[in-house]
Amino acid sequence: MTGLVCAARGSGEKMNGNRVRSIGYSCSYVPLALIHAFCFRPYRVLPLTDSIAQAGSVLHENLCSHVKRVFDRIVSGDMPELAAFVLVNSCDAMRRLGDGLRLRRPDLPVLVLDLPISNNPAAIQHFADDISILAEQLSAIGQAVLCFQKLGRSISMYSAMAEKLATLQRRADHGMFIGGSAKMQELYNRAVTEAPETFSGELDRFLDQETPIALEGVPVYLIGNVLANTEAISLFEDCGARPVGNDLCTGQRLIRRLLNTSGASTLVEYASGWFSADHCWRTIDQDNPSWLAEDILARVSENGAKGVIAHVAKFCDPYLFRLPPIREHLMKNGIQMLVLEGDCTLGSLGQQRTRIEAFIEMIGEAK
Amino acid sequence: MNIQDYFNATVAGIEAKLSLEPNLPNPRKKYALNVARLGQRLYDPEQTIAWCGVSVPFDLLNAMGITSCFVEFIGAMLASTGMSGPFLETAEQSGFPADACGYHRAVIGATRASLMPKPDVLVASSCPCSASVATIEYLAKHFAKPLFALHIPYERTERNRDFLATQLEEMVLFVAKITGHALDSGALNEAVRLTNAIREVILDIYRLASQTPSPLKTSDLANFGIVMGLFAGTIEGLCMAESFRDEFISRRKAMSGDEGGLRLLWVQSRIQFKHNLFDLFENKYKATIVIDELNDIPWEPIDQNDPYRGFAERILTIPFNGSIEIRIKRLLELADIYKIDGVINPCHFGCRQGTGARGLIEDSFKKRDLPVLNLEVDCIDQRNFSEGQLKTRLEAFLELLTNRH
């Protein structure tokens, strides 16, 4: 994919008179800048929908609730029209999602991105090779060629967006952002569903405001995977929690920051930087299988949290299996953790209000 | 009785029985004996032990003189002896999800109860499932032992085969460095030769099983395909396979040809704990499981001159890898080859990769006008097993098949 002709493209909702088409995805490992460089809009299919539940009958009820809701949304068409869907081979449930979509939406190309299980050099090269294949597929759908200058601009744009969100998150953690964590979640959701060029500009408006607000609530660190409901964050705050940072796929890990901040001149560099950013729990560090618990404890300490709330999609094995060692490590260091399993609806969390309140009260009183 | 004592007692008991009938094939006894001996080795502190994922090529590790096994083996053994309950509870009380696969919950519970043999090295494989990866990672942390992660690429392409082959070479070097057991080229050649020889014999077994009438009984090949993988590249594996083949040849010769009956396909893994569901099969309905999905050889012989690519190709052909279309295509082929009347899918509770495709598998068989019974049973955890209810459903299914036959 080197030495290709640079296709001059503008940005915005319409280019050359053609509407910008969306490419759907549901995993933070999807290379957003690559999709954007082909003049598509990456559209994260968040599990926020009132669509009729169909996944259970097509697949099985006891499958990750995130995947089931994404399936339901796509099958019911509850989103902008998608030119294709990038499916990341991250876990069993995602593979079944791809199977279900191929059956129920044969009109929707499903582009599979193989995600290595660990982050060693050979795995990163393999990921780079797969990104090259994805680029070819996007090229065919968009009838365009990859321009590395455009890729560089897209990488810079997304890196800048990630930095802006990180800055706003820090302000929210320290009570310097109106709307706090719930508003942050709204911004995260918009970051991956709206046109990135215009949204990134809108973030500047928020950055210009730095309004101190009263710090209320017991500081807690949120961990887990999918928690896109702004109302869920508000629920935590209503229960007396003050989120101070998070390690969530739909939060601070939503837009991966390229480790090589000077950009990438090859797809290998891009893949390396992208894959090496914040790890999803499903990715193994062979040299340090205990990295996750240590990393979370470090973040809890950095953010001054008094406790941890773990929110995981029900039936998500990669996350649920990794919670007990995290809890044990946190407890050894005097940090309590509350585990909530959700089905990506607010109803399931609402039923746990009493538990959340009791937990917040307990850690709030602890010395 | 703990599981180590169980294996010792089993070995002694079977050896005694076999000594009484030395000239008979006795395939199932020999199979059970070899499995029990493997269990003994796993608990032998003198052995070098590797805990692995199901897709790891055990022929390579056997050739290195390492006692290796997939972790789910312990879960299955605990269930078969009726001992899984307390360990499942231990895992759940420790915070592991109660609705996750029982194989892995049992292994984690056994680990926390200090019952799991301590490994020297661990090799996780991304296929067939995420829970296996997480379980092996947990064991690596618990035992503070080195871990190698084998990524099985999603699609079966030359590039992916080569990537996997490279990983297998790295795996061998990694394991050799940790354990001091290098892979001798002569041992590798012999392991490949035996693997291919075993493959031929197993194909004979499956050909015999597919005949009409089939010489099989329902219990004959339970867990056969997946357990034989543990003996890949070994003389024990070849002897076991030959004894099954010889037994089935002998039975086939003795058959009149009038023996009819319902022919069933069993999806994925068997129920591991003791139960009486299959009493209905042969006693009342003359029904036999003639093919288990996992009793299949979708791979070509390993190239002696290029073994790593051969092993990689073999791993990529596992139907649980890749899209469900591949798996369904093979299931439908098996249904044709074995002339199936009906399909039973246990829908092992908590199995995201396998049971997650329940609806798609069922639809595919329905389009072929093949009835499917989804049991929705936990193959390891018998605490909530309702034998009466399942028997009723099974009976109705077999009745349906009988009327159609």
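Predicted model: local features only at pLDDT ≥ 70, side-chain atom pairs only at ≥ 80, totals over all residues.
Colleague: Let's start with the pair B:Glu92 and B:Arg105. What makes it a salt bridge?

Modeller: The closest N and O atoms of B:Glu92 and B:Arg105 are 2.6 Å apart. The cut-off is 4 Å between a side-chain nitrogen of Lys or Arg and a carboxyl oxygen of Asp or Glu, so the pair qualifies. B:Glu92 sits in helix α5 (residues 84–93) of chain B and B:Arg105 in helix α6 of chain B, so the pair ties together parts 13 residues apart in sequence. Over all chains, the search of the whole structure turns up 54 salt bridges.

Colleague: And what makes A:Arg322 with B:Glu137 a salt bridge?

Modeller: Those side chains meet at 2.8 Å, N to O, and the limit is 4 Å, so this one passes too. Across the interface of chain B and chain A the rule finds 8 salt bridges. As background, side chains of opposite charge can pair when their charged atoms come close.

Colleague: How many residue pairs are in polar contact between the two chains?

Modeller: The count between chain B and chain A is 21, with both residues at pLDDT 80 or more. On the chain B side, several elements each supply at least two residues that touch chain A, among them α6 (102–112), β4 (147–150) and α8 (158–179). The largest share, 9 residues, comes from α7(B). By class, that side of chain B has 22 nonpolar, 15 polar and 10 charged residues.

Colleague: How much area is buried between chain B and chain A, and what share do carbon and sulfur atoms give?

Modeller: About 4100 Å² is buried between them, and carbon and sulfur atoms give 56% of it. B:Tyr154, B:Arg159 and B:Arg352 supply 18% of the area that chain B buries against chain A, more than any other three residues. The contact takes in 47 residues of chain B and 44 residues of chain A.

Colleague: What makes the 390 Å³ space a pocket instead?

Modeller: A pocket is an open set of points, whereas the probe cannot get out of a cavity; this space is open, so it goes down as the second largest pocket, at about 390 Å³. Of its 20 lining residues, the closest to the centre are B:Ser214, B:Met255, B:Glu259, B:Gly260 and B:Thr288. β5 (262–266) and β6 (287–292) of chain B each supply at least two residues of the lining. By class, the lining has 6 nonpolar, 6 polar and 8 charged residues.

Conventions
Residues numbered from 1 in each chain as written. Chains lettered and ligands numbered in written order. Heavy atoms only, no water. 1 Å grid on protein atoms, 1.4 Å probe; cavity = no way out; pocket = protein on both sides within 12 Å on 5 of 7 lines; lining within 4 Å. Points joined across faces, edges and corners; volume = space filled by probe spheres on them. Helix = DSSP H or I, 4+ residues; strand = E, 2+ residues; numbered from the N terminus. Nonpolar A, V, L, I, M, F, W, Y, C, P; charged D, E, K, R; others polar. Contact = heavy atoms within 4.5 Å. Buried area = accessible area lost by both parts, 1.4 Å probe. Polar contact = N/O pair within 3.5 Å; in protein donor to acceptor, adjacent residues only side chain to side chain.
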